[in-house]
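Please keep the sequence and the structure in view while reading.

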Amino acid sequence: MSNIFDGLYVDQLFHKGERGETIFYPFGLMGRGYLLPAEREASMRRSMRWLMIGSLVFGGSFGAVALRLLTPLQGTPLLAWLIAGSAFAAGLGVIVTLQSRMSRGLEPMPGPGPSVGDWFRGGRAVRAPWTHRVCLGLGLFSLLLAAGGFAFGIAEGDWSGFASGFFMLFVGAVLTWDGALGLKARGAQAQ
């Protein structure tokens, strides 16, 4: 199970440099890379795995709890949004602080970081081949959901159907594109 989770979330934060050294990106694409000594790589991967699990649990439970909190406070929307926004900011602050602590004592990568294209290509290269097929399948399923959202929006005259259709169209296009490019890159490597 940890291999699946690592393939989807953790492995993309660890890249190999030109000289074979491991470069750790605690903040992902938006952050700076740090040279990671080989003896710390296993513990750093384990720590990042737990942080990612915590982030996903926080995000899912925050959505459920915030929705539950906002429902009875509809008479006072400003108070409800203030409570929900404060809780979200506090949780996000904890996650960012933990990520910052992980990079303490590590040497920052000299020079500019990778470009967005390089980052995505590198992320696809470190993921397991099955993740590309899963992305492609989920992308096609999301495109079907988008069609359903548009159909619902037309049939019911409901703007939320259109909104969900546009969101699923975006998600489906990104997942399909990423999965197809990953499979194409894997095919080119095999030859």
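At 19% relative accessibility, Glu21 counts as buried, a label that applies under 20% relative accessible area, whereas exposed applies over 50% and partly exposed in between (1.4 Å probe, protein chains only). The model is predicted: local features need pLDDT of at least 70, side-chain atom pairs count only at pLDDT 80 or more, and totals for chains, interfaces and linings use all residues. Residues are numbered from 1 along each chain as its sequence is written, and side-chain values use heavy atoms, with hydrogens and water left out.

Glu21 forms a salt bridge with Arg19, with 3.5 Å between the closest N and O atoms; the term denotes a side-chain nitrogen of Lys or Arg within 4 Å of a carboxyl oxygen of Asp or Glu. Arg19 counts as exposed because its relative accessibility is 71%.

A search of the whole structure finds two salt bridges. Arg45 pairs in this way with Glu41, the closest N and O atoms being 3.2 Å apart. Both Arg45 and Glu41 belong to helix α2 (residues 38–70), where they are four residues apart, about one turn of the helix. Helices (H or I, at least four residues) and strands (E, at least two) are DSSP runs, numbered from the N terminus. Glu41 is buried, its relative accessible area being 16%.

The largest nonpolar core has 13 residues, of which Phe14, Phe24, Met44 and Met48 touch the most other members. Such a core is a set of buried Ala, Val, Leu, Ile, Met, Phe, Trp, Tyr and Cys residues joined through side-chain atoms within 4.5 Å. The helix α2 gives the most to this core, with four residues.
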